[in-house]
Each structure stands twice: as structure tokens, then as C-alpha cells.
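Here are my notes for someone opening this one up for the first time. Have a look at the model, then work through the points below.

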Amino acid sequence: MAILAADPVSPTHSSKSSGGPCIGVVMADRLYAGLMVDHKIVGQMLSWPEAAPPTESEGDDALVELPTDALIDTVCELILQVAQGREKEITAVGVALPGMIRNGVIEEAPNLPQLKGSRVGELLSTNLQARGITVPATIVNDADAMAAGLASTHGKLNDFVRVWTIGTGIGYGQYPFSEGVWEGGHSVVTMDEKENYCGCGGRGHLEGIMGHRSMRLRFLDMEPEEVFEAASHGNQRCNDFRHLWHRALAAATATSIHQAGAGKFYLTGYNMRFLEMNLLKDYLHQMVKMSPLQSYSLEVVNDDEATRVVGAGVAALQMTQAC
Ligand SMILES: [Zn+2]
């Protein structure tokens, strides 16, 4: 567990930009939570369960196995721990989770299926209130939290930033937050009828090409690591796939550029290890030809839960202040 030491927390601290201490939480393979002041984590970021999952790509089943009520209780316990007895001072609580969230309802949550259909924000708010934290909890998509966290840690809170998270699935997040569905990982990037490996069942999707799970379905006899390794040794089928993988990301990025404009794209996730930036840029250059749209930039950044925790806190602050 990374300990992010920082300034001691001043009980009288307040600032127009941050609105006082807030709490960011991430529900991923584990729970992560941190207390934030001025968009930075102060003290120690906590996690539950405390032990690390066996491998980065396998994750942990602890959260999936908890019924919704027990999961909400566990999140609230962790929030209380990071609040460190300052429950009354907390100005915002943000919780990031993987899934499609609309009007406070979890419409889709493939990694935490027990939450589908739940009003997680309301459940958390009620539970927290009983424990002395009276601000409402804000729920945010984890990829959007990543985008907000990156905007915050890179000094881009006044800019438009987008992020692709390339892992088991493909996440798309953007900051500033705006109403919409933004399932960019399910962008259609090919008309090939044989392309049907996406976990959602849709044909021709980005995730069906780039997602870890989809790659394992496509190459039943090889792990994704072995596919990219074989590609580098000239295996034709694997090398064709290496190109398809990069073209797919270029295509989805080009579509986003054509719809929302050029700007900053961050790339993160454990399968960024397969990325060849030059290959991606070559394909993107072929796909984006209008000169006002060519000022985009791409940057690979570490996938780190602390950034998502910060983003969840930033989201909660912005939404609380907007009320
Ligand atoms: Zn899909």
C-alpha cells in the first residue's frame, strides 16, 4: 500500500477551490479510500481487503461475493476510517465504480453484478448519515474518475481530457463530467462480421479487439502476452492482430476527435505494456486529416488507484458545489 505522505491536515483549513476536506473512494478489485484536502490525498490511503490480489490481471473476488448491504457497510466503514474522527468537517464524498451510472442508479456493473439496479448513492448517503457524515455521496464512473484524477494531478482542471483504460475491459473516461453514456470502449471500430468477442455481445467493438478477456477468447491457445511476443518474432497471425489492436484504438480515438475535437488523451491500464506508441500515432495520422483536429496529444500514464481516489473526490466536490 502506497503511503502518500503530505502536509498535516489543518482543522481550520478551507479554500474556495477545494471546499474543505473530502473523501474519495474507488470500488475496483478492492476498495480504496483517501482523505483529500486541496485536491491532494493527506495521510494514508486505505484499502479493503488489505492484502493485495494474487495478480494484477486476476483481481480479487472479495467484493463480488459481498451482498449489496454488506458492501455498502464495508465502504462506509472505510470512509469512517479515513475521516479520522473529522466526520463533521467532510464537505463531499465521491465513490468511483466500474459501470454505467445514470441519475444515481447503477444501470450496468459487469464487475460488481450485485449492484445492478441499486441506488448506491442513496444507500451510501443514508448509511453515512447514521454514522455522522451528513453530505450526500456522489457516484461516478471509474474511468471518469481516472480522467478527473489525471486532470487534477496534471494541473488540467480547466481543460478537456479523455482517458482510455486498457485492461480486462476497455474504459473511456472524460473530464469535465457531462451528462451522457460515454461507453467509448464499445465504439464500433470494424464492420467485420467475425468480430464478436466483446463481453457485451455487440459486434465490431473496440473492447472485443483490445480487451484482455476478448483477446483470450480470440486466441484460445495463447495468452495475450504470448500473442504479442510471437508477433515480435514474425508470427503472421499474431502480427496481424498486433496491427488490428493498434488500428482499433486509433479508430476509436479518431472518432472521439472528430466528435469532440482534438485535445489530451491519456492512456492507461495494465495492457498498455502492449502499446507501441509509434504504431498508434501512424494509424491515427492516417485517420485524422483535418488540420484543426491534428493538435491532439497522447500520453501513457501509470494506472494507479490513488489517481482514481483523487478523481472521485474531485467529482464529488464539483457536484456538491454545483448544487
Ligand atoms: Zn461491447
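1. At what angle do helix H6 and helix H7 pack, and how far apart are their axes? The angle is about 110° and the axes are 7 Å apart, with H6 covering residues 224-232 and H7 residues 236-260. H6 is therefore roughly perpendicular to H7 (that label covers 65 to 115 degrees). Axes here are lines fitted to C-alpha atoms, for helices over the stretch in contact, and angles run from 0 to 180 degrees between N-to-C directions. Helices (H or I, at least four residues) and strands (E, at least two) are DSSP runs, numbered from the N terminus.

2. Before going on, keep in mind that this is a predicted model: local features need pLDDT of at least 70, side-chain atom pairs count only at pLDDT 80 or more, and totals for chains, interfaces and linings use all residues. Residues are numbered from 1 along each chain as its sequence is written, and side-chain values use heavy atoms, leaving out hydrogens and water.

3. Who touches whom in that pair? From H6 come Val227, Phe228, Ala230 and Ala231, and they meet Cys238, Asn239, Phe241, Arg242 and Trp245 of H7 (contact means heavy atoms within 4.5 Å).

4. Next, the zinc ion. Its ligands are His186 (ND1), Cys198 (SG), Cys200 (SG) and His205 (ND1), at 1.9 to 2.3 Å (donors are N, O and S atoms within 2.8 Å of the metal, or 3.2 Å for Na, K and Ca). The angles among the four donor atoms run from 99 to 119°, and the site is tetrahedral (four donors qualify if all angles lie between 85 and 135 degrees). Along the sequence, the donor residues follow the spacing H-x11-C-x1-C-x4-H. His186 and Cys200 are both in the loop between strand E9 (170-175) and helix H4 (206-210), so this pair ties together parts 14 residues apart in sequence.

5. Check the prolines too. Most peptide bonds are trans. Yet a cis bond joins Trp48 and Pro49, with omega about -10°, and Pro49 is in the loop between strand E3 (40-48) and H1. Another cis bond joins Tyr175 and Pro176, with omega about 0°; Pro176 lies in the loop between E9 and H4.

6. His39 has a positive phi, near 65°, and sits in the loop between strand E2 (31-37) and E3. Asn103 also has a positive phi, near 50°, in the loop between strand E5 (100-102) and strand E6 (105-108).

Terms used. Four donors count as tetrahedral if all angles lie between 85 and 135 degrees; four count as square planar and six as octahedral if opposite donors are over 155 degrees apart and all others between 65 and 115; anything else is irregular. Angles under 35 degrees count as roughly parallel, over 145 as roughly antiparallel, 65 to 115 as roughly perpendicular and the rest as oblique.
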